Amino acid sequence: MGSTPCSGKGRGVGGFQELGCMPWKVSKQKGDVAGGGCRPEADEGQKARIPLPSPRPPAIYHEKQRRELCALHALNNVFQDGAAFSRDALQDIYQRLSPSTLVTPHKKSMLGNGNYDVNVIMAALQTRGFEAVWWDKRRDVCSIALPNVTGFILNVPSNLRWGPLRLPLKRQHWIGVREVGGVYYNLDSKLRSPHVIGTADELRKFLRHQLRGKNCELLLVVPEEVEAHQTWRSDNV
C-alpha cells in the first residue's frame, strides 16, 4: 500500500503523530500545474514539431594504400576488418606457393612489399572459409545472385604516382567493393574515402562499366558452401 499524507495534527490512538510521519510537502517547480505538480501534455501539433534524431550512417572500414599492398587492403576492406589479414600472413602464403600452382605468374616482391597476385588472394580467402570465383566477362552481371556474394575484388589498371605526381604509366591494382547498410561502396584503397555506388542496380552498372575496360578482371568473394553449390549464380538450376 502507498503512504498516506498526514497533517501532523492527529492525536488519536495509533495516530500519525505517534508514528513519526512527516507532513507531505509538495514541491512546486516552475511550470508545475497548481496542486498537481505535473506539466500539461503537449498537444498533437506540438508533438509533431519535435524533430526526430536522424539515423547514423553505418561505420565503414576503409583501409588506405601503403606500398604495393593493394591486395591486402582489398581483402580487409571486403571483410570490413583491419585484422582479417596481415602483410605477414600474405607474405607467408606467397612463399609457400610453389611455381606450379601459379595461375598468372609475374614478378613479385620478395621483401614483403606487396604486389601479390590472384593466387595469394585465393589462398588467403580459403584460410577463412571463402572462395574467389573468377567472373567470365562474356556473361552479364545480372546473373550474379548478389545476396549470396560477400563482396567483390576487381583487378584494374591504375596510374602510377611518384609522390604527388601522376606518371604516364599504369599498373594493375586490386580494389574491394561491398555492401554496407544496404548500400554498395567502392572501397578502393587509393581513394580518400569510400565512394558510394548505390543500389544493386547501380552496382551492376558499375561492374559493367569496369569490365568493359581493358585488362579488368572480377572476382566474387563467396562462402565455401555458396561456391560448392554454385548459388552465386541467379540462373543456377
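**Aromatic pairs and nonpolar cores**

Analyst: To begin, in this predicted model the charged end of Arg 128 sits over the ring of Phe 85, 5.7 Å from its centre.

User: And over the face of which other residue does Arg 128 lie?

Analyst: Arg 128 lies over the face of Phe 79, with a distance of 5.0 Å from the ring centre.

User: Which cluster do ring pairs form there?

Analyst: Phe 79, Phe 85 and Phe 130 are linked into a cluster by ring pairs.

User: How many aromatic pairs does a search of the whole structure find?

Analyst: The search finds four aromatic pairs. One of them joins Tyr 94 and Tyr 116, whose ring centres are 6.4 Å apart. Their planes meet at 50°, so the pair is tilted.

User: Where do Tyr 94 and Tyr 116 lie in the chain?

Analyst: Tyr 94 belongs to helix 3 (residues 87-96), while Tyr 116 is in the loop between helix 3 and helix 4 (118-126). The two are 22 residues apart, and the pair links distant parts of the chain.

User: Are Tyr 94 and Tyr 116 buried or exposed?

Analyst: Both Tyr 94 and Tyr 116 are buried.

User: What about the rings of Trp 135 and Trp 232?

Analyst: Their centres are 6.1 Å apart and their planes are at 75°; the angle is over 60 degrees, so the pair counts as edge-to-face. Trp 135 is in the loop between strand 1 (130-134) and strand 2 (151-162), and Trp 232 is in the segment after helix 6 (224-229). This pair also links distant parts of the chain, 97 residues apart.

User: What is the relative accessible area of Trp 135, and of Trp 232?

Analyst: Trp 135 has 1% and is buried. Trp 232 has 9% and is likewise buried.

User: Changing topic: which residues of the largest nonpolar core touch the most other members?

Analyst: Of its 26 residues, these are Leu 75, Leu 90, Ile 121, Leu 125, Ile 153 and Trp 174. At least two core residues come from each of helix 2 (70-79), helix 3, helix 4, strand 1 and strand 6 (217-223).

User: Which helix gives the most to this core?

Analyst: Helix 2 does, with seven residues.

User: What is Ile 153 in contact with, leaving aside neighbours within four places in sequence?

Analyst: Its contacts are Ala 74, Leu 75, Val 78, Ile 121, Trp 174, Ile 175, Glu 217, Leu 218, Leu 219 and Val 221.

User: What does the second, separate core include?

Analyst: That core has 23 residues, among them Val 177, Tyr 184, Cys 216 and Trp 232. Trp 232 is thus a residue of this core and a partner of Trp 135 in the edge-to-face pair.

Terms used:
Residues are numbered from 1 along each chain as its sequence is written. This is a predicted model: local features need pLDDT of at least 70, side-chain atom pairs count only at pLDDT 80 or more; totals for chains, interfaces and linings use all residues. Side-chain values use heavy atoms; hydrogens and water are left out. Rings of Phe, Tyr and Trp (its six-membered ring) pair if their centres lie within 6.5 Å; planes under 30 degrees apart count as stacked, over 60 as edge-to-face and the rest as tilted. Helices (H or I, at least four residues) and strands (E, at least two) are DSSP runs, numbered from the N terminus. Buried means under 20% relative accessible area, exposed over 50%, partly exposed in between (1.4 Å probe, protein chains only). A charge sits over a ring if NZ of Lys or CZ of Arg is within 6 Å of the ring centre and within 35 degrees of the ring normal. A nonpolar core is a set of buried Ala, Val, Leu, Ile, Met, Phe, Trp, Tyr and Cys residues joined through side-chain atoms within 4.5 Å. Contact means heavy atoms within 4.5 Å.
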